[in-house]
Amino acid sequence: MLSFNLLLTVCLIYVAGLFCVAFLAEKNAKRKKLGFFSSPLTYTLSISVYCTAWTYYGAVGSAARNGLEFITIYLGPTLVFIGWWWLLRKLVRIGNTQRITSIADLISARYGKSTTLAVIITVLSVIGSTPYIALQLQSLTLSFSVFSDGFAGQDPATTSSLTALWAAVGLAAFTIIFGTRNLDSNERHHGVVSAIAVEAIVKILALIAVGLFVVWGVADGPNDIMSRIQPQIMQSQDIFTPRWVTLIFLSAAAVICLPRMFQVIVVENSDEKHLSMASWAFPLYLFLMSLFVLPIAIAGLDILPAGANPDLFVLTIPLTQNQDALAMLAFLGGFSSATSMVIVAAIALSTMVSNHIVLPLWLWLTLSRSPTSEDVRTLLLRSRRISIAVILGLGFLYYQFTSGTGGLASIGLIAFLGVAQVLPALIGGLFWQSSTRKGAIWGITAGFILWAYTSFLPSFEGNFLLSQSAISNGIFGFEFLIPSALFGVTIDDPLVHATVWSLGINTITFIVMSMISLPRPIEKVQASQFIHIFDQAATSTTLSRQTTSEELHILSQRILGHQTTQKLFNKAARTQGKLSGQLPDPTNDFVLDLEREFAGSVGAATAHAMIGQIASGEAISVEDLIKVADETAQIMEYSARLETQSKEIEQTAEQLRQANAKLRELSEQKDAFLSQVSHELRTPMTSIRAFAEILRDEDHMGKDQISHFSSIIHDESIRLTYLLDEILDLSFLEHGKVQLKLSFTKFDKILKRAMNATQTLREQSGAEIEIPYNLKNLVIETDADRLSQVLINLISNAIKHSDAEKPIIRFKLEHFEHTVQIEMTDNGKGISAENAEIIFQKFAKLSSEQGAGSAGLGLPISREIVRNLGGKLLYVGNNPGAVFNIILPHSISPLLDPAATIEPAD
Amino acid sequence: MSEREDHSSDVLPSSNQNEDKPSLAQKRNDLAALLPIFGVLFFATPLISTITNDNPSGIGGTAFYIFSIWALLILAAWFLARFMRGDETRKDEAE
């Protein structure tokens with residue numbers, strides 16, 4: 001038989017070895033040369049922290065008592081891992097991108113970085129895990145007691161208490177040393193993970209070794225083992241029972257929701273690809289762990305005396321067969337199982353406690369006064385160390401109070417159900433957009449209360465809160481409150497009963513509360529970030545914040561430490577194109593990055609609160625939401641904007657083209673006009689020059705001749721002046737710069753003036769003008785001089801271009817609502833179609849006749865005058881002589897309003 | 001939601017892939033998603049009792065059934081993981 005001291009020595013050497021491995025891994029991690037320590041194999045092995053002492057020893061015990069039921073605890077995780085594509089992949093991606101530090105952090109971050117949720121889940125996790133830790137201490141002491149049995153002079157109870165205490169202290173020391181050595185921004189613990197990977201190898205080797213020994217050492221091969229099956233293991237009833245399904249479901253939920261499992265699977269994951277190996281390697285590990293459980297149980301029941309504790313068969317079979325080395329290996333396997341679980345659970349829980357309870361509390365306390373000197377890092381590390389000690393202390397106390405009662409045996413499954421209360425909120429958070437913080441809080445709380453009432457408190461068997469009578473007869477004697485038959489629902493198996501009630505009510509409450517409450521803006525943002533984690537490259541939130549780089553720098557130094565802060569800020573400054581040494585601008589991107597870094601140390605909710613404390617601009621507007629919440633919407637919005645832009649550009653280009661064409665046309669008109677003007681000016685100038693030269697050179701000229709030539713020069717000058725006046729006049733009229741002398745005038749007066757001006761012409765041609773009586777009496781507001789100018793022009797044109805023997809010009813008046821139309825018809829042959837197009841053009845030379853003294857500006861000027869008078873001058877065709885219409889407003893004043901433009905609309 | 005996903009995959013087509021590659025990868029992903037459903041079907045539905053109850057060898061037969069299915073699932077997961085990883089490394093190389 002092995003001596004207790006030898007056992008202790010081997011144990012200490014083993015622990016020293018673990019210390020070395022952890023230390024080596026930490027050292028390599030610092031040099032970024034992790035190699036094996038960050039391989040997918042290490043990752044997979046670290047996940048085996050799922051197999052605690054409860055499963056290492058207890059599986060055999062369970063097999064000895066209930067046959068194949070033990071296997072469900074392994075099948076659940078197997079299903080989760082081979083289905084990693086569904087859930088684990090998403091969890092790990094979110095964990096890595098959002099710097100999630102724990103399951104409480106994940107849920108709180110998903111539901112708008114809610115501190116309340118984080119606290120609830122932390123409390124739930126601590127309550128659920130403490131008995132579990134106690135269970136490990138019990139396993140350790142039990143396995144020690146196997147060796148110390150018969151150790152003289154010691155009271156067994158004292159010995160086991162002492163063993164448990166020392167185990168707790170030792171584990172606390174190891175955890176504190178490697179779990180809280182520093183604050184990693186990713187909350188990864190390479191040392192611990194490596195040590196756990198080694199332990200994982202030890203425990204599977206130990207179990208397989210014992211199994212092989214049992215099958216081929218004790219028995220004579222598999223067939224011999226199967227022939228030794230005892231009747232109590234024989235499958236007496238259908239294996240598919242509600243309990244079977246419940247256990248598979250609970251173990252599947254636990255592998256995700258247990259704080260320590262979340263820690264190793266999500267938080268400690270450094271590369272998403274490791275998951276693809278774990279997807280088959282971890283189920284294989286579980287497969288190997290359970291392969292020999294049944295043979296060991298059968299052999300134990302067969303060869304060991306009746307009454308031997310089946311939970312310790314793994315140890316006692318080799319011992320009774322005098323296989324000391326094997327027994328030692330088996331013991332180390334159990335030792336590894338217990339210690340690795342306790343270490344990881346303590347780290348996970350201490351992170352949760354310090355991030356979600358201690359830090360928010362400290363933040364709340366320092367909210368009023370500006371926190372200046374406190375170092376968050378020191379605070380965090382200290383609170384974590386204390387938390388670890390407290391958690392292990394709680395485990396020890398729990399063990400002390402419950403050892404001796406049978407309560408511990410079933411606590412593993414009860415803990416599973418406890419942490420599974422997080423599941424609805426977790427799954428909802430990852431896949432259901434409308435789930436809200438309220439739904440999560442109420443669902444988890446309701447599930448937690450029901451779990452405590454139907455499962456957790458009854459497990460104390462009347463020693464804690466619920467009395468024995470309350471458990472069996474219902475609280476206050478109300479029968480519908482019996483914990484194992486709530487509201488008369490009788491399900492034989494208390495675990496199934498508790499699962500149905502707690503998770504059922506939890507899920508229903510979660511869904512109903514989510515439906516009737518509205519998510520806050522930040523929840524919507526987080527929801528879309530979590531649910532569509534694979535769709536988004538890098539979502540840029542556009543929250544506007546007001547803070548300074550100095551404040552951020554101070555805060556960052558306090559949380560991340562000097563070195564990391566320096567590195568981060570320098571990097572950010574470089575990306576922003578600043579010189580080294582300068583602080584980067586507090587842009588949104590930078591602040592968000594920083595918040596994510598903080599989240600790695602203190603959790604999302606606290607990081608958010610800390611940033612929020614110094615950076616205002618928490619409120620997210622609806623516009624912001626539209627921008628950030630939905631990447632697809634962004635892309636669509638962007639493309640829509642592009643479309644509008646390109647349409648606008650097209651329109652602008654079209655307008656520019658039109659403007660360009662118009663400008664070119666105008667420029668051509670101007671050139672033509674200039675050449676025509678110079679041509680028109682040239683003719684009189686030439687004759688003036690010629691006659692002036694004659695006057696100058698000819699000495700002997702008669703007086704008559706001189707006077708004749710001078711009068712020609714004079715006439716030409718007048719014509720020139722007249723022409724220039726006309727051009728000037730037209731230019732004024734065209735630009736609307738002409739001064740109108742407006743007054744209400746009788747049309748008769750205007751006509752008389754025109755008649756006078758054209759008297760000579762009329763008399764020479766014998767022309768006759770017919771004016772109706774109503775036109776003579778017409779009174780309109782207009783510029784009489786200008787209007788008579790138009791009439792003169794039209795009349796003289798009609799007479800000049802008339803080919804009739806006796807030109808007759810008829811006027812006609814028509815009234816409209818706001819305007820009058822004066823129609824003028826002559827009896828000539830009309831204007832040819834060819835000429836009709838050009839009569840209103842400047843310097844238009846009609847193809848046939850051209851009267852002397854006409855520069856071709858008469859009609860353009862007339863049209864401009866009428867336009868300036870608020871009307872239109874139109875040539876409407878031949879009947880058979882030319883017909884012109886002058887359309888004028890009754891009153892021009894309202895049209896002169898600067899807002900109204902005068903545009904000829906023909 | 002499916003509409004949105006379709007849309008995003010339209011916007012971001014996988015690069016450097018042959019015509020048949022994305023569909024093959026998609027099939028593998030679908031298979032990976034199906035695997036746990038098979039697991040549930042064989043382990044956590046009455047299927048397990050109909051198969052094992054016919055077996056006269058009792059617990060041994062049931063254990064044999066469970067361990068066989070389990071091994072098959074692990075094997076399938078291993079195959080899928082291998083292929084998916086191979087696919088990823090190929091993609092990395094292509095990039």
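In this predicted model, helix H2 (residues 40-47) of chain A is mostly covered, with six of its eight residues buried. The buried positions of H2(A) are Thr42(A), Tyr43(A), Thr44(A), Leu45(A), Ser46(A) and Ile47(A). The cover over these buried residues of H2(A) is provided by elements that include helix H5 (72-82), helix H6 (88-97), helix H10 (190-218), helix H13 (259-267) and helix H14 (274-291) of chain A.

Two helix pairs were examined for their packing geometry. Two packed helices are described by the angle between their axes and the distance between the axes. For helix H1 (residues 4-30) and helix H8 (residues 115-148) of chain A, the angle is about 140 degrees and the axes lie 9 Å apart. Because of this angle, H1(A) is oblique to H8(A), and the crossing of the two helices is right-handed. On the side of H1(A), the contact is formed by Phe4(A), Leu7(A), Leu8(A) and Cys11(A), while H8(A) contributes Phe144(A), Phe147(A) and Ser148(A). Classified by residue type, this contact of H1(A) with H8(A) comprises six nonpolar residues and one polar residue, with no charged residues.

The second pair consists of helix H35 (residues 784-800) and helix H37 (residues 858-868) of chain A, whose axes come within 9 Å and cross at roughly 145 degrees. Here the crossing of H35(A) and H37(A) is left-handed. From H35(A), the residues making the contact are Arg786(A), Gln789(A), Val790(A), Asn793(A), Leu794(A) and Asn797(A), and these meet Gly858(A), Leu859(A), Ile861(A), Ser862(A), Ile865(A) and Val866(A) of H37(A). The contact of H35(A) with H37(A) divides by class into six nonpolar, five polar and one charged residue.

With regard to confidence, chain A has an average pLDDT of 79, and 83% of its residues score at least 70. Within chain A, the lowest confidence is found in helix H29 (residues 622-629), where the mean is 44, whereas the highest is found in helix H20 (residues 423-431), at 90.

Conventions
Residues numbered from 1 in each chain as written. Chains lettered and ligands numbered in written order. Predicted model: local features only at pLDDT ≥ 70, side-chain atom pairs only at ≥ 80, totals over all residues. Heavy atoms only, no water. pLDDT = per-residue confidence, 0-100. Helix = DSSP H or I, 4+ residues; strand = E, 2+ residues; numbered from the N terminus. Buried < 20%, exposed > 50% of the residue type's maximum accessible area, 1.4 Å probe, protein only. Contact = heavy atoms within 4.5 Å. Axes fitted to C-alpha atoms, helices over the stretch in contact; angles between N-to-C directions. Parallel < 35°, antiparallel > 145°, perpendicular 65-115°, else oblique. Left-handed = near helix turned anticlockwise from the far one by under 90°. Nonpolar A, V, L, I, M, F, W, Y, C, P; charged D, E, K, R; others polar.
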